[in-house]
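Work through the exercises below with the model open beside you. Try each task before you read its solution.

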Amino acid sequence: MKEPVIDIQDLTKTYGESRAVDRLSLTIHRGEIFGLLGPNGAGKSTTILMLLGLSEPDSGSVKVLGIDSTRQPIQVKRRVGYLPDDVGFYEDRTGWENLMLTARLNRVPDKEAAERAERLLREVGLLDAAHKKAGAYSRGMRQRLGLADVLIKGPEIIILDEPTLGIDPKGMSELLELIQRLSREQGLTVLLSSHHLHQVQQICDRVGLFVSGRLLAEGDVPTLSRKLFADDLIPVSAELDACSPELLERIRSIEGVAQAGITDADNGQGVTLQAACTEDRSAEIARTVVQAGAQLYRLERKQYGLDEIYQRYFAGGEDHGQLRHAEHTG
Ligand SMILES: Nc1ncnc2c1ncn2[C@@H]1O[C@H](COP(=O)(O)OP(=O)(O)OP(=O)(O)O)[C@@H](O)[C@H]1O
């Protein structure tokens, strides 16, 4: 059964005239990897600070593991690990020493702390650099040490603010794979904030899209794209050997096909049929082509992904009216 471990209801936070977080409601379940996605200034960090009890909401409630973060922040802090975007270490101490210090601060007995530190350094791939000073670590190594540092107190939830910032693509995917593996193996709940949709998409079970303090939509990527592009026509393209005017007319008369046209195929062999449908009519189009005796080489229905979601809602291409519509109907 799904167990809610983060429960946010109608949360609002205002700084002066501007609403950093606007009536946010969100539930995250145990073991889930949830991505908070949004451009700079969307309200992701403010939400995280309220989750940790480090910032007080104007209204609404935020509970972590059933504990009210605003009223009992220390209890929340004991069970939640937080990795800020730029984690601070004692630069003149080694990775190992930094981990042991954090363990001590969290009252982990020394013997157990040493076992955990060794296991975690191995897991994050830093065992060989364990006795090197943190000041000499690269950005990627610091992030991996940060992850070990967050995990050493044995949290049930980890919150990572832009964990991949400043890391090269290879380091980035390694870190994300590591987060995913640790979550799966240990049943950890992970809340990850980022504006890098692609990376987050790799590992998140669900994502929430933040724009201007509001959660515009949430769900897994296919569900989101269905919701967000519900009003769009679905493009279907097909390659065939030839398309007579009669066949084109028959395709146009299929219910749900709004437009259809043909062009010469890019490879110079046959033609490309482009159709725009109000609902998925790809099977019907394929049947019509085959029944007319034409050769069907390929047929593809376009699936909208995070790229399109980004272009439309984050890159400021269009206004968000349609999204609001999707929210209400979806
Ligand atoms: N301490 C503060 N005082 C005044 N305004 C603030 C403060 N913290 C955040 N804000 C404002 O609240 C809004 C949300 O900021 P927030 O840092 O939560 O966004 P974010 O999504 O985390 O952005 P980023 O990806 O850049 O970290 C912004 O308009 C920001 O300027």
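**Exercise 1. Which residues surround the ligand, and which elements supply them?**

Step 1. List the shell. The ligand is surrounded by Tyr15, Ser18, Ala20, Gly38, Asn40, Gly41, Ala42, Gly43, Lys44, Ser45, Thr46 and His195. A residue is near a molecule if its C-beta atom, placed from the backbone, lies within 6 Å of it.

Step 2. Assign the elements. S2 and helix H1 (44-51) each give two or more residues to this shell. H1 gives the largest share, three residues. Helices (H or I, at least four residues) and strands (E, at least two) are DSSP runs, numbered from the N terminus.

Step 3. Sort by class. The shell has three nonpolar, eight polar and one charged residues. Here Ala, Val, Leu, Ile, Met, Phe, Trp, Tyr, Cys and Pro count as nonpolar, Asp, Glu, Lys and Arg as charged, and the others, Gly among them, as polar.

**Exercise 2. State how far the model can be trusted, by the predictor's own scores.**

Step 1. Note the ground rules. This is a predicted model: local features need pLDDT of at least 70, side-chain atom pairs count only at pLDDT 80 or more, and totals for chains, interfaces and linings use all residues. Residues are numbered from 1 along each chain as its sequence is written.

Step 2. Read the chain score. The protein chain has a mean pLDDT of 87, and 94% of its residues reach 70 or more. pLDDT is the predictor's confidence in each residue, from 0 to 100.

Step 3. The pLDDT is below 50 over residues 317-330. Beyond near neighbours in sequence, this stretch has 21 contacts in the model. A contact means C-beta atoms, placed from the backbone, within 7 Å.

Step 4. Read the complex scores. The predictor gives an ipTM of 0.95 and a pTM of 0.77.

**Exercise 3. What is the strand order in the open sheet of four strands?**

Step 1. Write the order: S2-S1-S4-S5, with antiparallel pairing. Two strands pair if DSSP finds at least two bridges between them.

Step 2. Strands S2 (18-29) and S5 (67-68) each pair on one side only.

Step 3. Check one pair. Two bridges join S4 (residues 59-64) to S5. Val64 has Ile67 in S5 as its bridge partner.

**Exercise 4. Describe the hairpin of S12 and S13.**

Step 1. Count bridges. Seven join S12 (residues 257-264) to S13 (residues 271-277), and the two run antiparallel.

Step 2. Val257 stands opposite Cys277 in S13.

Step 3. Inspect the turn. Six residues lie between the strands, and Gly268 takes a positive phi near 80 degrees.

Definitions and conventions: Two residues are in contact if their C-beta atoms, placed from the backbone, lie within 7 Å.
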